[in-house]
Amino acid sequence: MGLLLFLLSLSSLALSYAVGGDVCITGHDSGPVFEEQPSSVVYPEGLSEGKVTLNCQARASPAATYSWRVNGTDVPVGDPRYTLVAGNLVISGPQFGRDGGSYQCLAINRCGTILSRAANLKFGYLHDFPGEGRSPQTAYEGAGAFLACQPPAHYPVLSYRWFVSEFPSFMKPDGGRWFVSQVTGNLYLAKAEPNDTASYFCFTTINMDISTKSTFSKANQLTVQPDANARKSAPAITVGFPAETYALTGHTTQLECFAYGNPVPKLRWRKVDGLLPSKAGASAEGPILTLPEMTFHEEGVYECEAYNSEGRDTQQGRITVQAQPEWLQVMSDSEVEISSELHWTCVAAGKPRPSIRWLRNGQPLSTQDRVEVNGGRLKVINLALEDSGMYQCVAENKHGTIYSNAELRVQVQVPDFRSNPVRRLVPAARGGQVMMECRPRAAPKPTLFWSRGTELLTNSSRVTVTPDGMLRIHNISRADEGKYTCFAENYLGKANSTGHLSVRDATKITLAPSNADINQGENVTLQCHASHDPTMDLTFTWALNGALLDLEDPGGPYHRVEGKETVGDLLIVSGHLSQAGTYSCTAQTVVDSASASAKLVVRGPPGPPGGLVVKNVAATSVELRWSRGYDNHSPIGKYVIMGHSPLSPGWKRMRTDPSNIEGNAESIRVVGLLPWMDYEFQVIASNILGSGEPSMSSHTIRTQQAAPTVAPSGLGGGGGDRNELIITWTPMAREYQNGDGFGYILAFRKQNSPTWVVERVSNVESSRYVYSNQSLSPYCLFEVKIKAYNRKGEGPFSQIAVVHSAEEEPTVAPSRINATALTAFEMQVSWDPIQHLSTNGILQGYEIRYWRQHEREASADRVRTAGLETTARVVGLRPSTRYHVTVMAYNSAGTGPASPRTTVTTRRPPPNRPPGNVSWKTDGSWVTVRWDHVKTLDNESAVLGYKVLYKHEGQSALKVLDKGKTSVTLPLPKDNGYVVLEIRSWGEGGDGAAQETIVSRDSGTGMMVQNQAGSPWSNHAPLLLTATLSITLIGLLDL
């Protein structure tokens, strides 16, 4: 009777847990999970009107309520200084000494309580520098010096800058002479200079979460005493870094280093026990080595070296990297049945190694009664309902604390099949096996057993009932059909669920795939037919070497052959070597399956040879050795050798001895190589089906050196200054140098001289040699030859080339100079040529110099002829101007003496006015144009006549009239198009300004008064002037 009452009370408790009240409702409620946690704040000390908000928000069902702790004590939310807004804690008018501390938020609902990470509220401050003045400092030119900052009391850390004389003249980098330590704030000077004398101020700044504060010191007076004989000095490191520095992963670490010295020392950093991290960037050559985002790879010994021309100094220190805790394994939400055991494990990494503690509903959890806490392991035995709640695993070291949360729900339930009943219909194949699951919800775990009808099933040769309720029946027959019932029972009650076993015909392969043999690129079909129970669907799958094939990709190599349901043939398109192997066909229904396999052989080109090594390296040959690759079912017929050097962009076939490499060979000699050249090699095997992939490239080798075998090309020369012989050639390309220590040997002699002069040029890039000798005659004929040499010897001489020594300037001036003014703007100059003297050079032409009468000859303009002409036209002159003209000969050495000067005066300029009162009259296909005579001024040249330029559709014709004619009759175009006429005067001074007139066949009579060329018709010019104006004789138009 007592047992019955106990079961009834337990059932009542379970029902209460399931339907609600003050307990967590299974399947409906969830414990709190933080979405936002508080963060540490630095608040300005003395700012009494402000507020601090510490955030806290959690996701929970039902919604969470919140409370706060400071330094482990509950925050009195009733105090008006504290306000809860949702879960956030707002502190009004925070005060130092009263509100500072470590704050934590608790999120609570009926499923449990969780505790947030700690957030520290600290107060920032920066006091003023002391009011008393600072002692003046004296330094000597060339020596080092420093000014102390002596910052006032502060929190948190400061940043430091210095300014000179007045704010804000902050100091700027000066070639590494200055340095401001961000550790002490001191200003250091590597080498003082007289102009450093000034007043200096230390400027400090703190950054807080809601504000920034700065202050600066009294003046630090620095006087630098000049020293004309400032002594040079080796570096002496003055600002160093600790012998041991602790860094934190993910954070930035900085090391400081600065040295006195004259000249100003340069700095460089290195990692003594490895490579300096590339993340150091430019800081690797500066006074502050900066390593962002630290990892354990950056741990080690670092060295700062200061150096100048007088010596060096070094300092070393170790960076030890530590890390905040980081979870490697955490627990997860769990639903566990009553009276069972709970095992949870938390694993955290960190340096130092984190310690781990546990919380349940925000309270510490320790070993007691049914609970065992062992570091990161939590074990609770004989679970009870009151063990349900929110659990937290806390890992912490000196660098931080992390939390992991999970919810535990202890389940108590009478067996229930509603959410997971036994399958109502279980098909199975005759001769096969079947498994029937029995998985009711129940807590504690129920006892399970099966029956068929009224027969209780027990283990036999064909029937197995596992402890977890799984029913297995082997070698099924029709007699096994029927209803099967699973019974579940615990001390809270019983339940059962029934399913029907239906026996079907077995699936069988009726036509298995056959082994196949194809060449690469061919198609093949593998057959597979099956029989099955007609009441069920049949599907086919294929696998290659156990890996399932994708038959649905239309662009893939595998395709299903469409046909009857019982046919599952596989088509392989363009077979590849990688598709060789064992193909398995599986015919499958929902109750059973049958499989059959076949092997597919794909024949193709050989695989890549392996193990390629280079042996016996000589100057022009090497020996290659390799191992045979896979022949892919077709014997290897031959090999070819491919090579690559810096001279060739790609791989090319190499010469071998013998030239044909048989398929059974595993070594060969490669010949025809260049000495002292880098090579890589590959071996390619081939058979009747083609060439395979190349082997992996050999290691790069360099052939042995040898003496040069060819002479430099492009031998020539000439030119240069007086008493010089210049020899030029084309530098030898890398492939012809054959070794190091490369250079050139030049040999030269005067023609018909028995003795050669020999010179060495040791620079491989040289392409020019200048031989200078005061006794060297100008334009003297030399025979020259050249050869190359290197460390191994000398090469052959080139063919002899003939080169002249430097020319001498012409020594004779042209004679009989004549200058004639052609117009106001040009003149023609003529002269008698000089006699060409072959003994001192080749005459290249003549240079005309001309200058106005009032100018100096040094400012003369120059015109050169390109050949041996004896006349030249000079343009761009000024009208009515007297010019002096002289002519001189020139060659590659320069110009010769000037001829006697002559003078010429350019003609008066032509009138700058166009013909006026232009009128025209059309008569059928002709037009008559008239104009007024152009009158000249006293300073203008006389008008000798007129020029009429006729333009139509890109062609033009010129009509020249004498002075007495002021009209002309011209034809009109037949296509009713426009004609453009330009009328201008001409005379001794040249052509005058033009008057432009536009006439068409239907224009009748017209007149234009005082019109400059083109100006009234400028808008039409693009329509009418459509091509280059080529001037043609007047006969073209029959004028």
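**Pocket, burial and backbone**

Guide: In this predicted model, the lining of the largest pocket receives at least two residues from each of the strands β15 (159-164), β16 (178-180), β24 (258-262) and β25 (266-271).

Visitor: What makes a residue part of the lining of the largest pocket, and which residues lie nearest its centre?

Guide: A lining residue must have an atom within 4 Å of a pocket point, and 27 residues line the largest pocket, with Pro-173, Gly-176, Trp-178, Phe-179 and Pro-287 lying nearest its centre. The volume of this pocket is about 490 Å³, and its lining divides into 17 nonpolar, three polar and seven charged residues.

Visitor: Why is Gln-392 counted as buried?

Guide: The cut-off for buried is under 20% relative accessible area, and Gln-392, which belongs to strand β36 (residues 389-397), has a relative accessibility of 0%, so it is classed as buried. Beyond its sequence neighbours within four places, Gln-392 is in contact with residues that include Thr-113, Ile-114, Met-331, Trp-358 and Tyr-403.

Visitor: What makes the pairing of the side chains of Gln-392 and Asn-405 a polar contact?

Guide: The limit for such a pair of N or O atoms is 3.5 Å, and the two side chains are joined at 2.9 Å, so the pair qualifies as a polar contact.

Visitor: Why does Ser-798 count as buried?

Guide: Its relative accessibility is 16%, and since buried means under 20%, Ser-798 falls in that class.

Visitor: What does UniProt place at residues 711-808?

Guide: An unreviewed UniProt entry places the feature "domain: Fibronectin type-III" at residues 711-808, and also at 608-706, 813-909 and 911-1005. In the model, the span 711-808 is 0% helix and 47% strand, with its end C-alpha atoms 32 Å apart, while the span 608-706 is 0% helix and 45% strand, with its end C-alpha atoms 34 Å apart.

Visitor: What makes the phi of Asn-632 worth a remark, and is this residue buried or exposed?

Guide: Most residues other than glycine have a negative phi. Asn-632, which is not a glycine, has a positive phi near 55 degrees, in the loop between β59 (622-627) and β60 (638-644). With a relative accessibility of 8%, under the 20% limit, Asn-632 is therefore buried.

Visitor: Why is Asn-545 called exposed?

Guide: Exposed means over 50% relative accessible area, and Asn-545 reaches 53%, so it is placed in that class. Asn-545 lies in the loop between β52 (539-544) and β53 (547-548), and its phi is positive at about 55 degrees although it is not a glycine.

Technical notes. Residues numbered from 1 in each chain as written. Predicted model: local features only at pLDDT ≥ 70, side-chain atom pairs only at ≥ 80, totals over all residues. Heavy atoms only, no water. 1 Å grid on protein atoms, 1.4 Å probe; cavity = no way out; pocket = protein on both sides within 12 Å on 5 of 7 lines; lining within 4 Å. Points joined across faces, edges and corners; volume = space filled by probe spheres on them. Helix = DSSP H or I, 4+ residues; strand = E, 2+ residues; numbered from the N terminus. Nonpolar A, V, L, I, M, F, W, Y, C, P; charged D, E, K, R; others polar. Buried < 20%, exposed > 50% of the residue type's maximum accessible area, 1.4 Å probe, protein only. UniProt positions renumbered as here; feature names shortened; annotations may be inferred. Polar contact = N/O pair within 3.5 Å; in protein donor to acceptor, adjacent residues only side chain to side chain. Contact = heavy atoms within 4.5 Å.
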